[in-house]
Amino acid sequence: MSKNTEKKHSFSLFKRLFGGKSKNEEKDVLMEEALQSPLRTIIKNFVANKLAMGGLIIFLVMFAIVLIGPVFYPITLSEKEETQTNIAPGMGMMKVPEGLAGNVREISVGSTFSVGVDNNGKVYVWGQPKISQKIDIAKDMPSQKEMGNVVAVSAGFDHAMALNDEGELFCWGSDRLGQVKIPGEVKRKKIVQIEAGYQMSYILTTGGEIFYWGNENLNDVRVTKKKGNGHIAKIAVCNNTLMALTENGEVVHMGSSGMDVDKIPEGLGKVTDIATTSNACAALSEDGTITVWGQATGDIRIAPEYEGNVVSMYGGRFHFTMLTDTGKVYAWGDNSKKQIEVPESLKDVERIYGGTYQNYALTKSGKLVSWGLKGYLMGTDDLGRDVFARLLNGGRMTMTIGAISVIISTVIGVIIGGISGFFGGWIDIVLQRITEIVSSLPFLPMAMILTSIIGNSLSENARIALIMVILGVLSWTSLARLVRAQVLAEREKEFVTAATAMGVKRSAIVFKHIIPNVISVIIVSATLDFASCMLTESSLSYLGFGVKLPRPTWGNMLNGCVNSVVIQNYWWRWVFPAIMLSICVICINMVGDGLRDAIDPKSNER
Amino acid sequence: MLKYIAKRLVYMVGVFFVVSVIMFVLFNNVPGDRALNQVQNMRGKVSNERFQEMYQQARDKLGLDDPIPVRYVKWMGNLLRGDLGYSTIYKKDVKEVIAEPLRNTILINIIATVLALAITIPLGIFCAVKKFSKFDNAVQVFTIVGYSVPIYIIALVFIYLFSVKLGIFPISGMNTPNFQGTGFAFLVDRLYYLGLPLLVMTVASLGGMTRYVRAAMIDALRMDYVRTARAKGLKEKVVIYSHAWRNALLSVITLIIGWFMSIFMGSIIVEQVFQINGIGLMYYKGLLGQDYDIALAIQMLYCVITLISNLVTDLSYGIVDPRVRINK
């Protein structure tokens with residue numbers, strides 16, 4: 001029996017916490033008369049309001065996410081990655097098609113897509129092959145019938161190449177800069193290696209000769225006899241240039257001398273293999289040492305210690321991956337997209353393929369393992385920045401600014417309203433006039449003018465602090481009026497007379513006796529003000545007068561989204577920040593409304 | 001009543017001067033040398049001495065070497081005589097530049113307010129009469145959404161729906177480029193371009209206004225005279241529209257005035273999004289382009305609008321409710 005009532009009790013507690021009215025239980029006559037403190041009545045009323053409660057829960061969840069999220073998804077303010085711009089949301093960058101998975105001949109990773117060919121010569125494209133509105137690597141690909149038995153593929157920035165067993169070359173994708181227009185002289189050559197680069201195509205013939213076509217303004221490549229053309233064994237593509245390995249084991253740079261990779265270290269000895277990232281080159285010497293040079297970010301210069309002999313090396317955008325004959329894979333370099341986190345369980349690897357931010361390893365048992373960048377949950381923006389990470393960081397900024405400016409405005413409002421209401425007389429008149437002057441300053445234009453005049457000469461952090469102060473200083477007036485009116489009503493009550501009679505200081509009467517009695521009004525006003533401060537901050541940032549790019553807030557993430565191209569094609573750039581900001585403000589307003597109803601049930605009837 | 005109005009007017013003028021001092025001091029602390037900006041393009045074309053001379057002339061003309069109080073009095077004198085300064089962006093007097101945008105802004109604000117009222121008054125009355133019905137509760141939730149979502153997000157969604165997907169309205173602008181028609185054709189073209197911004201402004205003000213009308217109507221319906229009217233056996237329609245609504249209307253009017261003034265300020269964003277040639281956009285461009293004469297003039301205009309709206313609201317309260325008048 002007692003067990004049963006206990007169960008009933010805990011159930012009703014659950015119900016009470018998450019809304020829903022409990023049935024009218026028969027109560028003891030005396031129980032019904034039991035007193036309830038005002039605070040408990042408020043909480044009970046509030047909890048019974050499903051809408052407000054739901055708003056509170058959603059808001060708290062969002063608050064927790066934007067507070068904790070940036071720890072896991074930090075952003076670099078100066079981040080700019082031209083290969084990853086305007087990518088649609090999706091996590092399928094490493095989703096290898098079924099037909100290819102157990103049957104790989106070669107895989108090549110491009111900017112946002114990958115191209116693979118299976119042992120039957122069938123070509124597959126996966127990832128985000130839609131480069132722009134018109135160019136889609138998967139759709140533009142020549143039919144399988146046309147290509148026949150493909151033996152090698154290569155994926156570049158916005159185009160791809162394939163070579164079949166008859167030595168015929170195919171290029172498709174963006175042809176804006178001539179990167180897919182195969183020159184006539186190439187068609188008669190026997191090709192051994194194809195490389196699709198950054199808007200540029202390169203091939204290596206059996207005769208050790210290099211041919212290239214595409215955007216030659218950006219890719220400053222000059223292949224000359226002097227540099228060893230005619231005796232090239234392997235080529236490797238950097239961002240805007242080309243590295244080559246000659247037959248006698250010498251590394252040659254084919255671009256202009258200004259590039260970072262041009263400074264080839266002395267004493268490499270006989271080099272057996274080379275690999276390149278976007279702006280660095282790694283060479284494997286005969287004695288097994290790996291030397292890295294060029295513009296290197298992170299720990300890319302220091303190759304890890306390894307066992308056995310290196311079988312193959314691949315360079316991604318900012319990292320290297322290599323395979324040794326013990327079947328073990330090593331990766332080093334930048335880890336911003338988890339591209340060097342080789343799975344622990346990986347062993348007995350037969351072949352590896354790597355590119356931009358993705359890596360694929362084929363084990364001896366025929367299993368294809370991949371690691372690296374899967375994709376972007378909410379896509380990327382015009383500078384290739386992850387929208388999701390910016391949303392989290394921007395949310396934290398928006399909420400912080402909103403919260404601090406509300407605290408400022410509440411403190412000012414309570415102090416001025418309290419003093420003005422309690423002391424009356426000339427103090428009241430002066431404070432009232434000040435309140436009216438501040439409230440007659442037009443809010444948004446005033447905030448714009450203050451941030452643009454004062455804020456221009458400030459550092460980024462001081463500017464953010466300034467925005468908080470401006471929002472706080474401009475929005476305290478309505479609360480001050482409210483508190484004044486409440487204090488005027490409260491100060492005539494008996495407990496104030498009692499406190500005065502007992503000799504309590506006047507300031508103590510105001511802030512210790514009267515203010516606690518009007519605290520409910522203050523809380524409601526602060527909640528609603530929080531929403532309006534967040535809105536004002538995001539409006540300011542949206543207009544470019546608040547927090548400035550590249551530091552994200554929900555407002556300035558929408559800045560630059562008002563044009564038909566972005567609205568239509570890159571919807572993820574505006575939909576997600578808009579939804580987050582709207583939901584957050586709606587929830588806060590619901591909580592504020594619910595609180596007001598809970599504190600003053602009469603207001604509900606209005 | 002006259003005494004009350006006079007008191008309010010004197011007080012308003014006082015506030016105006018205080019605000020203008022604040023504004024003037026703010027704008028005079030702008031980093032950058034306005035005299036140098038004016039003669040900048042002559043640098044290198046004339047000899048160095050001549051340039052210094054021109055620079056000094058410009059400084060004298062702008063009165064940059066005078067102490068701030070002197071400059072304030074000069075500026076205020078010019079302002080009161082209607083000289084608003086010189087725009088460096090448009091290379092014209094501010095007074096000439098500002099006339100057309102002001103007309104445009106007033107036009108779109110009036111149309112948007114009228115449209116919003118046409119929707120919110122019937123809706124608010126209906127919700128008040130059927131208070132706590134399912135329909136009312138749904139509208140209440142929608143009004144929270146309405147006043148929570150910032151106007152530029154509404155604009156983005158509407159551009160997506162009506163311009164990009166359905167292709168009904170153009171995305172931005174005031175007229176078809178190089179539009180030659182006059183008279184009626186011009187007006188139609190103008191309205192076609194302003195259709196979407198007006199829709200956005202109307203929708204954005206629905207939430208708040210519906211709540212006001214509903215609250216005012218509920219207050220009126222609770223009055224004793226409504227009970228009396230019902231007790232007399234009058235038709236419900238007569239009770240609602242003649243007895244309750246006429247009384248609610250008085251407080252709604254005061255709200256409408258305040259509302260109309262506040263969307264003046266809110267139209268900065270709409271004008272920026274849709275590139276409407278109004279004073280909001282002009283203010284925005286002035287601040288961005290460091291054309292501070294124009295920004296200051298429009299800022300003062302905003303202040304005047306706010307002050308007038310406060311005055312009109314106070315006065316209309318006084319007319320509606322004589323108790324307010326006696327208190328002051």
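Of the 328 residues of chain B, 46% are buried, where buried means under 20% relative accessible area, exposed over 50% and partly exposed in between, with a 1.4 Å probe and protein chains only. The model is predicted: local features need pLDDT of at least 70, side-chain atom pairs count only at pLDDT 80 or more, and totals for chains, interfaces and linings use all residues. Residues are numbered from 1 along each chain as its sequence is written, chains are lettered from A and ligands numbered from 1 in the order in which they are written, and side-chain values use heavy atoms, with hydrogens and water left out.

Chain B contains 13 helices and two strands. Helices (H or I, at least four residues) and strands (E, at least two) are DSSP runs, numbered from the N terminus. The C-alpha trace of chain B spans about 95 × 55 × 35 Å along its principal axes. Its radius of gyration is 25 Å, whereas a compact globule of 328 residues would have one near 20 Å. This radius is taken over C-alpha atoms, and the globule rule is 2.2 Å times the number of residues to the power 0.38. Contacts (heavy atoms within 4.5 Å) in chain B were counted between residues at least 6 apart in sequence; 70% of them join residues at least 24 apart. The accessible surface of chain B is about 16,800 Å², and 64% of it belongs to carbon and sulfur atoms. Areas come from the Shrake-Rupley method with a 1.4 Å probe; for residues, only the protein chains shown count as cover.

B:Lys91 is exposed, at 57% relative accessible area. B:Phe132 is partly exposed, with a relative accessible area of 43%.

Chain A has 16 helices and 21 strands. Its radius of gyration is 34 Å, well over the 25 Å that the globule rule gives for 606 residues, so chain A is more spread out than a compact globule. Its C-alpha atoms fill a box of roughly 105 × 70 × 45 Å, taken along the principal axes. Of the 606 residues of chain A, 52% are buried. Chain A exposes about 28,400 Å², with carbon and sulfur atoms supplying 56% of it.

Helix 9 of chain A covers residues 425-439. At 1.5 Å a residue, its 15 residues should span 21 Å, and the end C-alpha atoms are 21 Å apart, which agrees. The expected span is 1.5 Å times one less than the number of residues. Buried residues of helix 9 include A:Asp428, A:Leu431 and A:Ile437. Their cover includes helix 8 (387-423), helix 11 (460-474) and helix 12 (477-490) of chain A, together with helix 1 (2-28) of chain B.

Two loops of chain A complete the description. A:Asn279 lies between strand 13 (271-276) and strand 14 (280-285) of chain A. Residues up to four places away in sequence aside, A:Asn279 touches A:Asp260, A:Val261, A:Gly294, A:Gln295 and A:Phe318. The peptide bond from A:Leu549 to A:Pro550 is cis, with omega near 10°. A:Pro550 is in the loop between helix 14 (506-543) and helix 15 (564-569) of chain A.
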